[in-house]
Amino acid sequence: MKLLLRILITAALVMGISYLMKGVIVDEFTTALTVAIVLGLLNFFVKPILVLLTLPITFFTLGLFLLVINTIIIELCDYFIDGFSIRSFWTAMIFSIILSLSQSLVFQITGETKK
């Protein structure tokens, strides 16, 4: 049940951010649900591999390269989902930062913890 709630919250945040940012296009709420699911899967399967492969760069940039990895994950999501579009790399970076911060805030308010 917690997983379903997290997916719904993430989908709602994706829809909200898409209304606020001009470079992010989400066709409908079902597309936002798909984005939330695909983002979760990419974060679970692809992100650890990217973090491991880019560990020296991440170390030398004091962790700032993780922002680039998050942006790559968003761009991959854009590539795989038809109704989801991000205009540029920088738009994807801002989108990923806003999504991460808003997820942290909402999950802290609702009492959801990351396990």
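Is G63 buried, partly exposed or exposed? With a relative accessibility of 24%, G63 counts as partly exposed. The cut-offs here are under 20% relative accessible area for buried and over 50% for exposed, with partly exposed in between, using a 1.4 Å probe and protein chains only.

Some ground rules before the points. This is a predicted model, where local features need pLDDT of at least 70, side-chain atom pairs count only at pLDDT 80 or more, and totals for chains, interfaces and linings use all residues. Residues are numbered from 1 along each chain as its sequence is written, and side-chain values use heavy atoms, with hydrogens and water left out.

1. The loop around G63. G63 sits in the loop between α4 (55-60) and α5 (65-80). Helix labels follow DSSP runs numbered from the N terminus: H or I with at least four residues for helices, E with at least two for strands. L62 is in the loop between α4 and α5 too, and has a positive phi of about 60° although it is not a glycine. That residue might be worth a look on screen: L62 is exposed, at 79% relative accessible area.

2. V38 and its distances. V38 belongs to helix α2 and is buried, with a relative accessible area of 18%. From V38 to G63 the separation is 25 residues in sequence and 24 Å in space, C-alpha to C-alpha. Between V38 and P56 there are 18 residues along the chain, and their C-alpha atoms are separated by 27 Å.

3. α1 against α2. Helix α2 covers residues 29-45, and its axis comes within 8 Å of the α1 axis, crossing at roughly 120°. Axes are lines fitted to C-alpha atoms, for helices over the stretch in contact, and angles run from 0 to 180 degrees between N-to-C directions. So α1 and α2 are oblique to each other; under 35 degrees would count as roughly parallel, over 145 as roughly antiparallel, 65 to 115 as roughly perpendicular, and the rest is oblique. The α1 and α2 crossing is right-handed, meaning that the near helix is turned clockwise from the far one, whereas left-handed means anticlockwise by less than a right angle.

4. α1 against α6. Helix α6 (residues 89-110) packs with α1 at an angle of about 135°, and their axes are 10 Å apart. That angle makes α1 oblique to α6. In passing α6, α1 makes a right-handed crossing.

5. α2 against α5. This pair packs at about 130°, with the axes of α2 and α5 10 Å apart. α2 is therefore oblique to α5, and the crossing of α2 and α5 is right-handed.

6. The nonpolar patch. M1, L4, L8 and F29 make up a nonpolar patch on the surface, with about 450 Å² of accessible area together. Patch members need over 30% relative accessible area and no salt bridge; like charges are joined within 9 Å, and nonpolar side chains (Val, Leu, Ile, Met, Phe, Trp, Tyr) within 5 Å. A salt bridge, in turn, is a side-chain nitrogen of Lys or Arg within 4 Å of a carboxyl oxygen of Asp or Glu. The areas come from the Shrake-Rupley method with a 1.4 Å probe, and for residues only the protein chains shown count as cover.

7. F84. Strand β2 (residues 84-86) holds F84, which counts as buried at 1% relative accessibility. F84 and A32 are 52 residues apart along the chain, yet their C-alpha atoms are separated by 7.8 Å.

8. V106. Back in helix α6, V106 is partly exposed, with a relative accessible area of 24%. V106 and K22 are 84 residues apart in sequence and 23 Å apart in space, C-alpha to C-alpha.
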